[in-house]
Amino acid sequence: MNYTAKQIENAKRNYNSMLRIHTLADYDVEIIGRNTAEQRMDYHNRIVTDIRNGNKELEREWKLFFLKEEVKADQKAAASKLKLAANKEASADILAPIKEMRKLGEFGKWLNTSGNPFRKQHFNKKYTVEAVNEFLATL
């Protein structure tokens, strides 16, 4: 598989930050309890120590883990962009009256007003006729 330079850079950064030996201060002892925190710390520190002592297989495994996480994040972001684009495309007819009036920017500001019942449409780009009619009534 081919990874982008950004994916490799992010994976390296995350892998290198993982290689730090943890102390109890790295865990929320009040919430998870001292025993759990100590178990997690020991588990993490054992992995870091093994990698630092030259366990190439474990090192490879963790490097691959962080690369795969970057790929997943990029795939999720791409899927989200596609979904927003599809929602926007499907709403094109609904937005036509606002586009004709050249009030699309004002519509966006109106939608993103706190307390607006149609506010989530600003984020998911799935516009409704009701929202458009409500906005037009405010003009």
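**Close-up views of a predicted helical model**

**View 1. Pro117 in the loop between helix 6 and helix 7.** Pro117 belongs to the loop that joins helix 6 to helix 7 (120–124); helices are DSSP runs (H or I, at least four residues), numbered from the N terminus. The model is predicted, so local features need pLDDT of at least 70 and side-chain atom pairs pLDDT 80 or more, while totals for chains, interfaces and linings use all residues. Residues are numbered from 1 along each chain as its sequence is written, and side-chain values use heavy atoms, without hydrogens and water. Pro117 has a relative accessibility of 72% and therefore counts as exposed (over 50% relative accessible area; buried is under 20%, partly exposed in between; 1.4 Å probe, protein chains only). Between the C-alpha atoms of Pro117 and Ala131 the distance is 8.7 Å, although the two residues are 14 residues apart in sequence.

View 2. Gln121 is part of helix 7. Its relative accessibility is 6%, so Gln121 counts as buried. Apart from its neighbours within four places in sequence, Gln121 is in contact (heavy atoms within 4.5 Å) with Leu111, Lys126, Tyr127, Thr128 and Ala131. Ala131 is also the residue whose C-alpha lies 8.7 Å from that of Pro117.

**View 3. Aromatic pair of Tyr15 and Phe66.** Rings of Phe, Tyr and Trp (its six-membered ring) pair if their centres lie within 6.5 Å; planes under 30 degrees apart are stacked, over 60 edge-to-face and the rest tilted. By this rule there are nine aromatic pairs. One of them is the edge-to-face pair of Tyr15 and Phe66, with 6.4 Å from centre to centre and 70° between the planes. Because Tyr15 lies in helix 1 (residues 5–18) and Phe66 in helix 4 (residues 56–90), this pair ties together parts that are 51 residues apart in sequence. Both Tyr15 and Phe66 are buried.

**View 4. Aromatic pair of Phe107 and Phe135.** The rings of Phe107 and Phe135 form an edge-to-face pair, at 5.2 Å centre to centre and 65° between the planes. Phe107 in helix 6 (residues 104–111) and Phe135 in helix 8 (residues 129–138) are 28 residues apart, and their pair links distant parts of the chain. Phe107 counts as buried because its relative accessibility is 2%. Phe135, with a relative accessible area of 3%, is likewise buried. Ring pairs join Phe107 and Phe135 with Trp110, Phe118 and Tyr127 in a cluster.

**View 5. Helix 6 against helix 8.** The axes of helix 6 and helix 8 are 11 Å apart, and the packing angle is about 105°; axes are lines fitted to C-alpha atoms, for helices over the stretch in contact, and angles run from 0 to 180 degrees between N-to-C directions. Helix 6 is therefore roughly perpendicular to helix 8 (65 to 115 degrees; under 35 is roughly parallel, over 145 roughly antiparallel, the rest oblique). Helix 6 contributes Glu106, Phe107, Trp110 and Leu111 to the contact, and helix 8 contributes Ala131, Val132, Glu134, Phe135 and Thr138. By class, this contact of helix 6 with helix 8 holds six nonpolar, one polar and two charged residues. Ala, Val, Leu, Ile, Met, Phe, Trp, Tyr, Cys and Pro count as nonpolar, Asp, Glu, Lys and Arg as charged, and the others, Gly among them, as polar.

**View 6. Helix 5 against helix 8.** Helix 5 (residues 92–100) and helix 8 have axes that come within 9 Å and cross at roughly 15°. Helix 5 is therefore roughly parallel to helix 8. The crossing is left-handed (the near helix is turned anticlockwise from the far one by less than a right angle; clockwise is right-handed). Ile94, Leu95, Pro97 and Ile98 of helix 5 make the contact with Val129, Val132, Phe135 and Leu136 of helix 8. The contact of helix 5 with helix 8 comprises eight nonpolar residues, with no polar and no charged ones.

**View 7. Helix 3 against helix 4.** Helix 3 (residues 34–52) packs on helix 4 at an angle of about 120°, and their axes are 8 Å apart. This angle makes helix 3 oblique to helix 4. Helix 3 and helix 4 form a left-handed crossing. From helix 3, Ile47, Asp50 and Ile51 meet Leu58, Glu59 and Trp62 of helix 4. The contact of helix 3 with helix 4 divides into four nonpolar, no polar and two charged residues.

View 8. Arg102, which is not a glycine, has a positive phi near 60°. Arg102 is in the loop between helix 5 and helix 6. With 75% relative accessibility, Arg102 counts as exposed. Lys125 also is not a glycine and has a positive phi, of about 60°. The loop between helix 7 and helix 8 holds Lys125.

Key:
Helices (H or I, at least four residues) and strands (E, at least two) are DSSP runs, numbered from the N terminus.
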